[in-house]
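Colleague: I would like to learn how to read the places where parts of a protein touch. Please take me through them in order.

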Amino acid sequence: MNRFALLSLYRSLSRHKLYAALNIGGLAVGIAVFLVLGLYVRFETSFERWLPDHDKVYVVQTVWNLPGSPFNGREPQTMGGLLEQLREDFPGTVGTRIWGGEGAGSVLRRGVATKEDVAEVDPSFFDVFDLPMVSGDGRRALADPSGAIISESLARKYFGTSDPIGQTITASYEEPRNYRIRGVFRDIPDNSDIKVSLLLPLRKNVERDSWYHWGSTHLSTYLRFESPFTARTYGQKLSAFVDRRALKDSGPNASKTETIALLPLAEQHFASPKGGLSSRKLTVLTLGLVGMLTLLIAIVNYVNLATARAGLRAREVAMRKVLGADRKALVTQFLGEAMLTVGIAALGGLILAELGLPLINAAGGLSLAIPYALVVPSLAALVIMVGVLAGFYPALMLSRFPAAAVLASSRAPGGGRAGTRVREALVVFQFGLAIAFMIGTAILLVQTRHVRQADLGYQRDNLIIIRSIADGNVPPALRRAMVEAIRTLPGVQKIALGGDGPGGSGTTNADNVPLPGVPGDGPNLRWVDTGPGYFQVYGARLVAGRMFDPARREDDHQLMDASTNHNIIINRLGVKQLRFASPDAAINKVVGGDRPRTIIGVVENLRFDTPRNPIAPTYYYYSSDPARNYPMIANVRFSGDPRAMLSQIRGIWQRMVPQVPFECDTADNRLARYYQADEQTTRLFAIGAGLAVLIGCVGLWGLASFNTQRRVKEIGIRKTLGASGPDIVKLLVGQFLRPVLLANLIAWPLAFVAMRTWLAGFDDRVALSPLFFVGASLLATAIAVLTVLGQSLRASRAAPAWALRHD
Amino acid sequence: MIRLQGIQRRYVSDAVETTALHDIDLHVAAGEFVAIMGPSGCGKSTLLNTLGTVDRPTAGRYLFGDRDLAALDETELAKFRGATLGFVFQSFNLIDELTIEENVALGLAYRKEAGGQNGGRRARVAAAMDKVGIAHRARHYPHQLSGGQQQRAAIARAIVGDPKLILADEPTGNLDTANGEQVMNILTGLNDEGATIVMVTHSPSHADLAKRRIDMLDGRIVANAMRAI
């Protein structure tokens, strides 16, 4: 490129400022969206890859084959003593266990407990995880029963600037103990599901009944293998191992209902509990696709407009040829111009991404940063690719035009009918994607709103859940006293203990309920223990029968042994699961085989779990003294300000059991955690989709502008022949409306398949109404009309005499 | 049929004001064939555009029959053009993306009353193409035709709606002698059939085919004479 070529480019850009700004800006926004969403995808797909030799580490999954049971599927937890049994049967097994994790334990200081990410691990932890240490010897620390290692940030929190090595910390996972800090490890990065900041030596919990009980799950077990082959070979022996080891607890062929499997550590983040594509992976794939398609729309637009406008420069090219420019010089000029322009757009995109990242981080709950060492070379490659795409047509086609013919022609070659068709096809493509994005955004927004407002079977506001009351370190007497103290607080309307509540209790229990006259174990139902007033706190709606009555002895299962018939209440799903024709039909029926239970009532389903999971068919016991049972959470119905109520409850807690960390929140907040990920995804999707639509409009505007410019003379002819202003507007708008309407053919099936897949991840979901599709199409059409209307109106107002003179 | 009274047309761009037409008074009777001549830049095309209502005079009155066209807005003028006028240009001004047949049909596209149903319109388009001898090229695109053929197509488009007035701006300017003669024969033939024609031309021989010749200079009519028959 010589000086004149650069000057020509500069003048062209500065002469058509709006065109240049929109065209380069559109590409820049596309690049920014791609960069930001690309960073998100990179973050999500990098989980555990920070760990040296992560590819050698495998999570042991427990795989339940229990169709119809809430347990059915895979979980990354195992029986406590699994590693010991594996070592006995497979000498040389390298493994460790992590028991605890995010908020699982606490650190006590001056008698007050603070929740921390505490975990107990085997001394062999460092044989599996090569956790980067800052100081001390982690391996030796964990071999010492009173040794502990701490993360850098937690050490700073508790020991300030002084050296933590050798200092004592009182930590509690199950019960408080003193530990000596013997090592400091680098903080676990954000892209990890292993949330630990204080590692304590794992004590073998043989005293626990369930430590070696097949069917129970406590902790995470990790194994390390030198190669995928050895892992595979090892994995093939696990079914036989389960059959052998679980014989006592689960009978012969135990592996048919419960087995264990190995999953590479890096795949754990995307593992689906039910198998198949997890909602998290679907989210990441979707957002990645939005980023790529947005960039594609921006590139298509840019190339489309650049090549279209290049046609208008045919005369300039012809003049340059007349003045002696050869094809090589012209090709160099066009490619150079294109790359320079795309380079400006790339730089703009990088700046936009940097400026927009804090906003995106806030919207998506992320902490992304641009890795320039990776991004700059990638952008350079993109500049070359898009530059070649945008410059190739003008470079080759225009430089081939015979100069004399172009100079003699009254009009510039603009690709003719074929060019028009290609451009129309590209409008169809980009608006197809834009409409699909609009449909997707609408459904995401409506679904996320729906789950926040849906009827959960109970009133979700003015409800507080005290989960820490279930802590094993709170004795029953103190639980009773605490419940009574809270009951007397002004504003407290009702309080009840129960085995479940919004956000869950931390435990799930289920068993099979044999049906009278039906052979086999019977259907699987979840069971929940409830204290006095539990259903009243929730305002649960009675569908049939009656609620528990404290005055009736047969309602209280604490007063009876398991083989004595006692009363239960089931939820509406339980009616179907137990094969009753209707709720009324279930009343007074006895189920349970040798552990008989009489159904006295049916309540509406209560959704305490994420809207993604189905509500389990459930039966409820009644305990007159639930404080005796473990673990029961406290459910408080109150009136007034939730913050004031939380503060009052905290006051009682700190007065009565300061040594146990306080875990208490409103039902709204606990449920919000279930919605958070989908809301963040929705926000990211909406931002990406909104910008994609904007870029599409910029492209449409550019094309409309180009087309109107090309058709000025035609407009003059038509007006001379009697076309009115509205006729011209109709003509020009109609020209763009056709591809936009055709775009629905792409958008509707695409959006339908994508959104049906996404909604399938929710048990509680909105219907895929045709209104979403029609609404998005109408909106896209309106946007398209508004985009081209301004220019069409301007063109329609041009004096025909002037238009006829236009070349 | 046409009466222009004190027509002026001034163009203002930046600090420069150009007067293209000075106090033009002109009367054209129905069935006339008027040729306008004069050197380049004398205002011929501006006068023709004013007659064709594609350019508005800065001052003066333009009466078409009893109608004062100055009182019409843009939409009404468009309707007037579509129903009343036919245009023939030096550079044909056919639309490249449309076939010859479609280009001719465009002459009816903006007339609500003309032709009636599609079948009627098609017949009128076919008749117009027949009249100028271009029917055999109906499905071709303009760039596939010679200049003479393109101008004949443009004439077909101008006459397809039976206009009261045909305005021709140097209709032979881009044609060779033979094609030019052919186009002039068509125009005189149309005039003989009763069409009113106003034509701008540089060719004295073509001007001689008109019934009246107007000479212009510097935006003024300097001569206005009937041809002696």
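Colleague: How many salt bridges are counted between domain 2 of chain A and domain 3 of chain A?

Modeller: A salt bridge is a side-chain nitrogen of Lys or Arg within 4 Å of a carboxyl oxygen of Asp or Glu. Between domain 2 and domain 3 of chain A the count is three. In one salt bridge, the side chains of A:Arg607 and A:Asp764 meet at 4.0 Å, N to O. This is a predicted model, in which local features need pLDDT of at least 70 and side-chain atom pairs count only at pLDDT 80 or more, while totals for chains, interfaces and linings use all residues. Residues are numbered from 1 along each chain as its sequence is written.

Colleague: Where do the domain bounds lie in chain A?

Modeller: Such bounds come from an automatic or database domain assignment. Here the assignment gives domain 1 (1-50 + 274-414), domain 2 (420-454 + 673-807) and domain 3 (468-662). Over C-alpha atoms, the centres of domain 2 and domain 3 of chain A are 52 Å apart.

Colleague: How many residues of domain 2 of chain A are in contact with domain 3 of chain A?

Modeller: Contact means heavy atoms within 4.5 Å. Nine residues of domain 2 of chain A contact 11 residues of domain 3 of chain A.

Colleague: What is the count of salt bridges between chain A and chain B?

Modeller: That count is zero. Even so, 18 residues of chain A are in contact with 22 residues of chain B.

Notes: Chains lettered and ligands numbered in written order. Heavy atoms only, no water.
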